[in-house]
Amino acid sequence: MKKVMMGNHAVSYGARLSRVDVIAAYPITPQTQIVEELSELCADGKMDAKFIKVESEHSAMASCMGASAAGGRAFTATSSQGLALMHELLHFSSGGRLPIVMANVNRALGPGWNIWTEQTDSLAQRDTGWLQFYCENNQEVLDTVIMSYKIAEQLSLPVMLVLDAFILSHTYEIVDIPEQELIDSYLPPYKPEIKMDVDNPHAFGALVTPDHYFEIRYKLQETMDKAAEVARKAGEEYGELVGRPYDIVEPYMLDDADVVIVAAGTLVSNSRAVINEYREKGIKVGLLKLRMFRPFPTKRVRELLAGKKKIAVIDRNISFGATGIFYQELKAALYGHGNGAGSPNIFGFIIGLGGRDVTLEDIAEIVDYTLEKEKNEEDIIWMGLKR
Amino acid sequence: MSKKITFTSISDLPPLVVSLGTTEVNPTGSWRYLRPVYHDKTAPCIEGCPASEDIEQYMYWAARGDFDKAWEVLVEENPFPAVCGRVCYHPCESSCNRDHFDQSLGINSIERFIGDHGLDFSLDKFKLAGEREQKIAIAGAGPAGLAAAYHLRRLGYQVVVYEKEEKPGGILQYGIPRYRLPKDILAAEISRLERFGVEIKTGVQIGKDISWEEFLQHDAVFLAIGVHKSRKLNVPGEDLDGVLAGLDFLSRINKGENIQLGKKVAVIGGGNTAMDAVRTALRLGSTPAIYYRRTRAEMPAILDEIEEAEREGIPMEFLVTPVELIGENGALKAMKLQKMKLGEPDESGRRRPVPVEGSEYVVEVDNVITAIGEQGDFTSIPEKLVEWGVVKSDAFGQTEQRPVFAGGDIIEQPHTVVHAIGSGKKAAMAIHTYLNGGDIAPLTDKIRVGDKGGYSFLRFRDGHEGDPIDNREVVTFEHINTSYFTRKDRHEVPELDVGARITSFEEVKGTIDREAAMDEALRCFNCGVCNMCDNCLVFCPDVAIKRRDDRFRYEIDYAYCKGCGICVIECPRSALSLIPEGK
Amino acid sequence: MNHVDIQPRIPEPELMYSGHLACPGCGASLAMRYALKALGKNTMVIIPACCWSIIAGPFPYSALDVPIYHTAFETAAAVASGMKAALDQLGKSDVTVMAWAGDGGTYDIGFQALSGAAERNEDFLYVCYDNEAYMNTGIQRSSSTPFGAWTTTTPENHTKERPKKDIVGILAAHRIPYLATVSVAYPEDFIRKFQKAKSIRGMKFIEILSPCPPGWKTADDQSIRISRLAVESRIFPLLEIEHGEKYTLNLEPEGISVRDYLEAQGRFKKLSEKDVEHIQKEVDRKWEALKKRIS
Ligand SMILES: Cc1cc2nc3c(=O)[nH]c(=O)nc-3n(C[C@H](O)[C@H](O)[C@H](O)COP(=O)(O)OP(=O)(O)OC[C@H]3O[C@@H](n4cnc5c(N)ncnc54)[C@H](O)[C@@H]3O)c2cc1C
Ligand SMILES: Cc1ncc(C[n+]2csc(CCOP(=O)(O)OP(=O)(O)O)c2C)c(N)n1
Ligand code: SF4
Ligand code: SF4
Ligand code: SF4
Ligand code: SF4
Ligand SMILES: [Mg+2]
């Protein structure tokens, strides 16, 4: 069934199709419609879940932890300040190996107050042990919620899916809502091997001395190492079942491209449009869409970008005192493993912080700049900055 | 203890921090520097009881309404609970820790209830050994002789008791009046002994009907012939008609003689004989009075008896002594008294009365009953056994001549029923060890009950090796955790109206009822002995105390006990001790 | 001696293991032992950062025979809310969820989550074992630390100036179905209240005064005695409050002087005569107020 809906509602429908048991969430612009829609669905009995109207995002995540530890499928959604408030528990939930799924609407952090889109909030949580997926449109949002549970529960790790404030969250698009039976066959009920169970009591998360902490951290990383393949398969399987396949990275006109744009979220759509224009002019520009940011799809990125000359990374975020975060990650993936000589030039563009519009012209400027420059001269190329 | 978990490789490790075993792998007992131990101690009441009755223990049973069991515990040490429940001056009560809290426990009244409860019980279960050949003869069927007979019989000996009077019981039979100790009660407790196999031959006087030498033919002999000769006043007129010796007077009454007293009867003395005589005289219709040469505080009689006499309206004149009995035609008419005052303390610690010059006065009297003490009559026994008017013996009644043992009033000890019973028991233990070629001396530390001269037959019986109980450690009030007790007055003992008393020889004091006995026993702190209140079990923060499998008492798991000492402090009755670790 | 049939005073099964890592004489460890005896095996325990995170044993061991979820300091009530919700969804509504936090995790950092859960009337039992300071981190003051008490952050010459936060009053104001105070010195009362809490749906809060020998500067063997003195001196009344309205006083002590309680503890060593009088006055005033609430 197709329906016109805003990105936030796509999140809610994704959660509903995933048959979540417990939702604990706290409202924050621009995520509020997710919460509102879910509480309505629960109240109307259209969804068989408990909605805990917690008093903070911190408690939202804590409640999800409790629910998940007891074997329930837990869901939450937040944004920006709320995500920052949760930070401590992001570590706790991944370390506790809890397959919680959270939607984060990318929003800038204060002060001053800014409710518009920016990627820093989610990217700042990159070291917490959560998987991260960035969505390009509302359909992908809905589908990604479902796929996230599939991935999370196989890995026993939490997953965050990210959508841009307003550009997706509040924008109405046509979204195909898959049949519930279809999703049920894709996503079986959550049956963890070990959980809080009075018949088989264990203590979870006790003190760990240096004797064992190291190895247990290693194990988490080991799981992360498997995550890329699990995520790829989950997207493939979803495609077979629902007819919309997804991959962890998605190349577009990449094979022969001289300049490759690397982007995530709605910046990908803008880039696609600009690439189409350039291709018409015969200029070989391609695109690498990063759907998955954590674990970073290093292997696939290396394969796909092998032999490329110039890469333009578009960051709607900043790691203060360093650079754009995708830029850093890309460099880290491509350099330092012995192939430095033949490696591409990488250009790091920071654009659209705090929700400033990113126009097609802006993207074209990025392409032009990259085409023009022989090699990268600055770590940050500020786009659209009113100097 | 659960198994320690070791991971040999990273693949053994779980992917998350999850427990796989219990903390029982941690031997937290190694933290301990003080070690709690279950350590029963001696209650002061038991120490105070010359018969060493296991009071604490029978209170435990009485409080739970199991009077059969209470009786058994009691009779383990003393075969005369119904008698003692009536006539004992209960030094246990004056030692009772509860006295420091509200009022001492009514031990004597519970003892009496228990005694009456078991009045027609058999003693058979107290038999400890098969029959032995050895024959033991006892002279005197008073409480000392009969107590010794009982314990010896338990040990399997052939016991014969020779009693010169017609009936056994000694002063219980012929001294103490019926209104304090009904004859049927005494008879019941004595006949129980006879059914138990103690042979009592009455009307047989040692030294007369049986010669001393013949008496000595037995494997062992126990002398318990008591002291019955009334001391003389040594004043002019003592032979006048109407002058009676106290114990003789009581004895005749007890034998059923009808003695006609005049109206005004003076009883001279302040001891038990005086009190019994004066109250008996009252019941015979006279108007008697007490004349005593010191003050009330120095009176040697049991305080209860003095109080009862007062309650019955008997006047008491203190600090007076008769200096002459005045007669007319050989019959008593009057008595000349001299006033006294208290001087320096004498050897008994009491202040010596000294005459006040020129203070004599005369009172008219119809009878004088002298009751200033009794002396032993040792004409029938070898002189060398006697010194300073008593039979020389040690604490266990061992005289210098084997196999002669002695006890009761004839040895140097307080003249009380319970001391007599205690001495009979101690002598029985000494005789047994003697007959088995042993010596009681090395055993004394193991069987003693505190430091006041009492010894436990139970411990003697059970063997004394490896006994965890330090019998000498007596629990004082400071060791009682009073948080676990609430203040409560003791139960009153029912008494006959004064009016009803003086017209008959009906028993003055009654037996408390069953509920009262249980309730009163519940007041007992059970000093020093675990009564399984569960406090230690409940309060251990380390789950180191376990109920034993047989559900009797507890065990401390020293692998885990951290030695916090809570169990020790919170034991209401000091049945645990904390000792330095490694001792 | 034979013996009469023993009637155990409190449930016999032990759901706490020996070898746990509490200090000798720790009131908090005893409290857990009682609590689990009352609640039984069908219980899940949530423990935020506090002494109990240590007491319960390091990986890979557990001191309890029921599941434990160790969580972040401020999250006990929120984790419990979520856990209970999931259990309800999974058809396991009969499981008792117990959040077990220290005073720091209750009065201070976890207060918001607790208040939220209380207001929502979540169906779980929240227990605060109150040792009146942050003990796990080495005896720092909390908002539960009483007036005049020494801690490492209210040092000898500057002991706490403000009174202890009235958590019971605050929770009562949330009008939760059941609220009670318990003491380790009164095990029967303690266990009865936990059993009662277990039978009630909705939010339950139980406050335990929990002596801590190193933190209170007392001998290891004094924990029960001090708990008792707290009750007897009316510093810590044993009570129950239903729906924030119906107050029941479970024990009416004669009221000994607060001095007995204070003098037993090194942390109150520096109290002046005036301080003691002040404390006594406050205790009397609060007791009167409590009595009024009851009648
Ligand atoms: C009037 C009175 C009242 C008392 N009241 C109390 C009281 O209330 N509470 C208390 O604790 N104490 C009381 N006493 C003291 C107590 O009765 C004695 O201490 C106790 O009876 C001593 O016991 P015994 O076995 O040594 O001697 P006795 O009881 O005197 O028994 C000795 C027995 O030996 C017999 N006998 C004597 N010579 C011979 C012989 N040659 N051959 C065979 N038999 C012989 C006697 O006839 C007598 O039966 C009282 C004493 C008196 C006199
Ligand atoms: C967010 C956070 N801040 C601080 C700490 C450090 N910390 C751990 S336990 C604790 C004190 C706990 O005090 P309380 O709740 O009273 O329990 P207690 O240790 O006294 O049993 C603190 C401050 C922490 N674990 N997490
Ligand atoms: S309280 Fe009981 S055990 Fe203790 S001294 Fe008194 S009678 Fe004996
Ligand atoms: S506390 Fe109670 S159960 Fe424990 S030793 Fe003392 S009397 Fe016995
Ligand atoms: S209460 Fe427990 S840990 Fe403490 S001393 Fe006694 S047995 Fe040992
Ligand atoms: S510091 Fe205090 S609360 Fe913590 S374990 Fe030790 S005694 Fe218990
Ligand atoms: Mg604390």
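Biologist: Let's start with C:R228 and B:E570, buried or exposed?

Modeller: Both C:R228 and B:E570 come out buried. Bear in mind that this is a predicted model.

Biologist: And what do C:R228 and B:E570 form?

Modeller: A salt bridge, with the closest N and O atoms 3.1 Å apart. The pair crosses between chains: C:R228 sits in helix 9 (residues 223-232) of chain C, and B:E570 in helix 20 (residues 566-570) of chain B.

Biologist: How many salt bridges are there over all chains?

Modeller: The search of the whole structure finds 90. One of them joins A:D247 and A:R300, with the closest N and O atoms at 2.6 Å. A:D247 is in the loop between helix 8 (210-242) and strand 10 (249-252) of chain A, while A:R300 is in helix 10 (residues 298-305) of chain A, 53 residues apart. Both A:D247 and A:R300 are buried.

Biologist: What about B:D40, which residue does it form a salt bridge with?

Modeller: B:R553, with 2.9 Å between the closest N and O atoms. B:D40 lies in the loop between strand 2 (34-38) and helix 1 (44-48) of chain B, and B:R553 in the loop between strand 23 (545-547) and strand 24 (554-556), so the pair ties together parts 513 residues apart in sequence.

Biologist: Why does B:R553 count as buried?

Modeller: Because its relative accessibility is 17%, and the cut-off for buried is under 20%. B:D40 is buried too, with a relative accessible area of 11%.

Biologist: Switching topic, how is chain B split into domains?

Modeller: The domain assignment gives domain 1 (1-55 + 444-583), domain 2 (124-228 + 376-438) and domain 3 (232-372).

Biologist: What separates the centres of domain 2 and domain 3 of chain B?

Modeller: 32 Å, taken over C-alpha atoms. The contact takes 12 residues from domain 2 of chain B and 12 residues from domain 3 of chain B.

Biologist: What area is buried between domain 2 and domain 3 of chain B?

Modeller: About 990 Å², and carbon and sulfur atoms give 50% of that. On the domain 2 side of chain B, B:Y174, B:Y179 and B:R180 lose the most area to domain 3, together 57% of what that side buries.

Biologist: How many salt bridges between those two domains of chain B?

Modeller: The count between domain 2 and domain 3 of chain B is three. As for B:R180, its side chain meets that of B:E305 in a salt bridge (3.1 Å, N to O). Both belong to a network of linked salt bridges that also includes B:D276, B:R279, B:E308 and B:K509.

Biologist: OK, metals. Which protein donors does the magnesium ion (ligand 7) have?

Modeller: C:D103 (OD), C:N131 (OD1) and C:A133 (O), lying 1.9 to 2.0 Å from the ion. Their spacing along the chain is D-x27-N-x1-A. C:D103 is in helix 4 (residues 103-108) of chain C, and C:A133 is in the loop between strand 5 (125-130) and helix 6 (167-173) of chain C, 30 residues apart. Both C:D103 and C:A133 are buried.

Biologist: Last topic: which residues have the most contacts inside the largest nonpolar core?

Modeller: A:M61, A:F75, A:L330, C:Y69, C:M83 and C:Y126, in a core of 146 residues. It draws at least three residues from each of domain 1 (2-242) and domain 2 (249-382) of chain A. Apart from it lies another core, of 110 residues, among them B:C45, B:A516, B:C571 and B:L576.

Biologist: And what is A:L330 in contact with?

Modeller: Leaving aside neighbours within four places in sequence, the contacts of A:L330 are A:V262, A:F296, A:V301, A:L305, A:I311, A:V313 and A:I346.

Technical notes. Residues are numbered from 1 along each chain as its sequence is written. Chains are lettered from A and ligands numbered from 1 in the order in which they are written. This is a predicted model: local features need pLDDT of at least 70, side-chain atom pairs count only at pLDDT 80 or more; totals for chains, interfaces and linings use all residues. Side-chain values use heavy atoms; hydrogens and water are left out. A nonpolar core is a set of buried Ala, Val, Leu, Ile, Met, Phe, Trp, Tyr and Cys residues joined through side-chain atoms within 4.5 Å. Buried means under 20% relative accessible area, exposed over 50%, partly exposed in between (1.4 Å probe, protein chains only). Domain bounds come from an automatic or database domain assignment. Contact means heavy atoms within 4.5 Å. Donors are N, O and S atoms within 2.8 Å of the metal (3.2 Å for Na, K and Ca); water is not among the atoms, so sites may look incomplete. Helices (H or I, at least four residues) and strands (E, at least two) are DSSP runs, numbered from the N terminus. Buried area is the accessible area (1.4 Å probe) that two parts lose on being put together, summed over both. A salt bridge is a side-chain nitrogen of Lys or Arg within 4 Å of a carboxyl oxygen of Asp or Glu.
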